[in-house]
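The tour goes from one selection to the next.

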Amino acid sequence: MDRHQAVRQYSLVQILGVWAAAAVPMGVLAWIVTPWLEDQLGGDEPLAEALLICLTAGLIWQFVLVLILLRRELGGLEWSRVRDALWLRPPQDPKTGRVGGKVWWWALLFVVLVAVWQLGTGGLVPGPSVRNLGDFLGSDRGEAFFSGAWGWFAVVVVFVIFNTVLGEELLFRGLLLPRMQAVFGKRDWVANGLLFTLYHLHQPWSMPTTLVEGIFLEAHPSRRFQSAWMGIIVHSVQSVFVVIVVLTLVL
């Protein structure tokens, strides 16, 4: 069954409005609120603390935005309806119609591809080192900051959960992608990945890498198998890696 039938299609204005409601707050939080908060905070790493707080708040807002829009569309938030509206059902093979089971193995393929892509590119455009999480975690400053810091570890866990499960992926692959067919047709996944790339105003240096990953490794499998779980699983690989690294530093 075509799972587009369970959702109401958006107009171009609505699609861009949802995009702006996610992208603009993240940009403001990263480039305006973070420097202000950095000046208010004490400690040895006020920028790292301010970035974690602000970006986590922005990702939580995306989850709230999804709930607000769904409630307006469905008139309620019953799980049985939310599951269909956000494509949170097991992946469906477009050729055989098989749902779940062996179809899940496709997610592993895309997980491997995204790992290869990230390792191979290593960030096509290097960002400011002071704002690069990878650089920070690999530095003596990052090791000292997270050593024994269970409170900040908890913040990181919340950050990654809302980054790749309840925030970005739920908004772009769960809410937007199923509602873009009327405007973009069979290339809705390309438009979705492009919007996801341009959403990264808070870290524009990641856009070249995200362009390929967002279109071909997250939006495409989510669209092909009509399941937001595909994008969530693929995107969450980096989350698992970050949590492991930070936990190692804390211990």
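A salt bridge here is a side-chain nitrogen of Lys or Arg within 4 Å of a carboxyl oxygen of Asp or Glu. Keep that cut-off at hand for the opening stop, and note that the model is predicted.

Select R3, in the segment before α1 (12-40). R3 is buried, yet it has no salt bridge. The nearest side chain of opposite charge belongs to D84, and at 6.5 Å it does not qualify, because a salt bridge has to be within 4 Å. Next, show what R3 touches: leaving out residues up to four places away in sequence, its contacts are W87, R89, P90, P91, Q92, V99, F225, Q226 and S227.

Two of those contacts are the next stops. Select W87, in the loop between α3 (79-85) and α4 (105-121). Its phi is positive, about 55°, although W87 is not a glycine. Most residues other than glycine have a negative phi. W87 counts as buried because its relative accessibility is 1%, and the limit for buried is under 20%.

Now go to Q226, in the loop between α11 (207-224) and α12 (228-250). Q226 is not a glycine either, and its phi is positive at about 45°. With 10% relative accessibility, Q226 counts as buried.

Which residues have the most contacts inside the largest nonpolar core? They are F146 and Y199, in a core of 53 residues. Helix α2 (residues 46-74) supplies the largest share of this core, eleven residues. Apart from it lies another core of nine residues, including F110, V111, L217 and M230.

Finish on Y199. Beyond residues up to four places away in sequence, Y199 touches W19, A22, A23, M26, L59, Q62, E168 and F172.

Conventions:
Residues numbered from 1 in each chain as written. Predicted model: local features only at pLDDT ≥ 70, side-chain atom pairs only at ≥ 80, totals over all residues. Heavy atoms only, no water. Helix = DSSP H or I, 4+ residues; strand = E, 2+ residues; numbered from the N terminus. Buried < 20%, exposed > 50% of the residue type's maximum accessible area, 1.4 Å probe, protein only. Lys, Arg positive; Asp, Glu negative; His and termini not counted. Contact = heavy atoms within 4.5 Å. Core = buried A, V, L, I, M, F, W, Y, C linked by side-chain atoms within 4.5 Å.
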